[in-house]
Amino acid sequence: MTDRKLSWGVISTAKIGQRAVNPAIQASSNGELLAVASRDAGKARAFAEEAGIPTSYGSYQALLDDPSIDAVYNPLPNSLHREWTIRAVEQGKHILCEKPLALDAAECREMEAAAAANGVKLMEAFMYRFHPRTERVLEMVREGEVGDIRQIRSSFTFPLDRPDDIRWDRELGGGALMDVGCYCINVSRTLARREPVEVRAMANFRDGGVDQQMAGSLRFEDGLLAHFDCALTMDRTEVYHLLGTDGHIRILDAFVPGTEDVVIERFDAEDNLTPISVPGGDEYRLMVEHFADAVLNDGPLRYSPEEAALNMKVIEALYESARNEGEVVAVD
Ligand SMILES: NC(=O)c1ccc[n+]([C@@H]2O[C@H](COP(=O)([O-])OP(=O)(O)OC[C@H]3O[C@@H](n4cnc5c(N)ncnc54)[C@H](OP(=O)(O)O)[C@@H]3O)[C@@H](O)[C@H]2O)c1
């Protein structure tokens, strides 16, 4: 262990940085946020002043050129994750990049190779995995507390009322599956503890552009099925539900539960509910602390870029299915 703190910089004035990840870095026990960059120097300066960040830059490259920055947080639009992650690792920066890590599995693997070639760490910022409740559910699954898992349901929807949001832009990697459905795919694969062999999906595309709503299914070997839905046009719902041979578990407010104490709803085979209380936590802070700890102590990251590539493989297959009237698509 070391008392040294990781020096972070953030590229862009993205809302998720402002709202959750930048404050988490500032509150973390082993990191400090030294700089923010924006395409617009004035915007970067105002953002830095407002957030108490000591340095601002008028270009992302200027931040990457700063030798006092060890790690970069990348919350750019999805289509820019690959380019700026690779530019950062080539400057020797460790990088925490927003979900989904890239537009497809091939990009994820290219980013992984670049990080490895430059001897730096790269992780996808799926923060829900660091929440104590997610870890407890995974432990319950590993210990077979509801028997053999046979079915997984998940949903992530919300109403996106900003017409110029990056999520409506296909060129920027928008769409419901890319934005929130990716959590459903991630939690399904994580709970299943294996990869699906085939998928199918149906979607409503907005004016021939991005999917604003999708429903889909994943088939795993030995009959485990998962189904999910996601949307940018519905009331907010975040839930997953896993059904085993000996009961079922339901998780409400599944992905962004806030910092209050939360509950795991565990039902027995007769549908009797036993709520299990789990102390809350800031999943963003737990994520950045894990990342910083891995960098500072040269330890392993819990989630690899290859894990992100496998998630993208499934997402790619779902888009192929949705664009072909729901045909079944094999996941390589
Ligand atoms: N983990 C989570 O909880 C979570 C939640 C929300 C979003 N996200 C992810 O975080 C990323 C950003 O999402 P967000 O909602 O925070 O986005 P956002 O507020 O729209 O921010 C994106 C930033 O990227 C920069 N940018 C560079 N080129 C751009 C372009 N062509 N169009 C628009 N912006 C451009 C802009 O910063 P400058 O103008 O300062 O350069 C902009 O502020 C996405 O990958 C998203 O999936 C994660």
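Student: How far apart do the axes of α4 and α5 come, and at what angle do they cross?
Tutor: The axes of α4 (residues 81-90) and α5 (residues 105-117) come within 9 Å and cross at roughly 5°. Axes are lines fitted to C-alpha atoms, for helices over the stretch in contact, and angles run from 0 to 180 degrees between N-to-C directions. That makes α4 roughly parallel to α5, a label for angles under 35 degrees, with over 145 being roughly antiparallel, 65 to 115 roughly perpendicular and the rest oblique.

Student: Which residues make the contact?
Tutor: From α4 there are H81, R82, T85, I86 and V89, and from α5 there are E107, E110, M111, A114 and A115. By class, the contact of α4 with α5 has five nonpolar, two polar and three charged residues. Contact means heavy atoms within 4.5 Å. Ala, Val, Leu, Ile, Met, Phe, Trp, Tyr, Cys and Pro count as nonpolar, Asp, Glu, Lys and Arg as charged, and the others, Gly among them, as polar.

Student: Before we go on, what kind of model is this, and how are the residues numbered?
Tutor: The model is predicted, so local features need pLDDT of at least 70 and side-chain atom pairs count only at pLDDT 80 or more, while totals for chains, interfaces and linings use all residues. Residues are numbered from 1 along each chain as its sequence is written, and side-chain values use heavy atoms, with hydrogens and water left out.

Student: OK, how do α1 and α8 pack?
Tutor: α1 (residues 15-27) packs on α8 (residues 283-296) at an angle of about 55°, with the axes 8 Å apart. The two are therefore oblique to each other. Here I16, A20, V21, A24, I25 and A27 in α1 meet Y284, R285, V288 and E289 in α8. Those residues divide into eight nonpolar, no polar and two charged.

Student: Switching to strands: what does β7 pair with?
Tutor: β7 (residues 149-159) runs parallel to β10 (residues 225-231), joined by seven bridges, and antiparallel to β11 (residues 233-244), joined by nine. Strands pair if DSSP finds at least two bridges between them. Helices (H or I, at least four residues) and strands (E, at least two) are DSSP runs, numbered from the N terminus.

Student: Where does S154 sit in that?
Tutor: S154 stands opposite F228 in β10 and opposite Y240 in β11.

Student: And what about the hairpin of β9 and β10?
Tutor: β9 (residues 211-219) pairs with β10 in the antiparallel sense over seven bridges. The hairpin has five residues between the strands, and D222 takes a positive phi near 70°.
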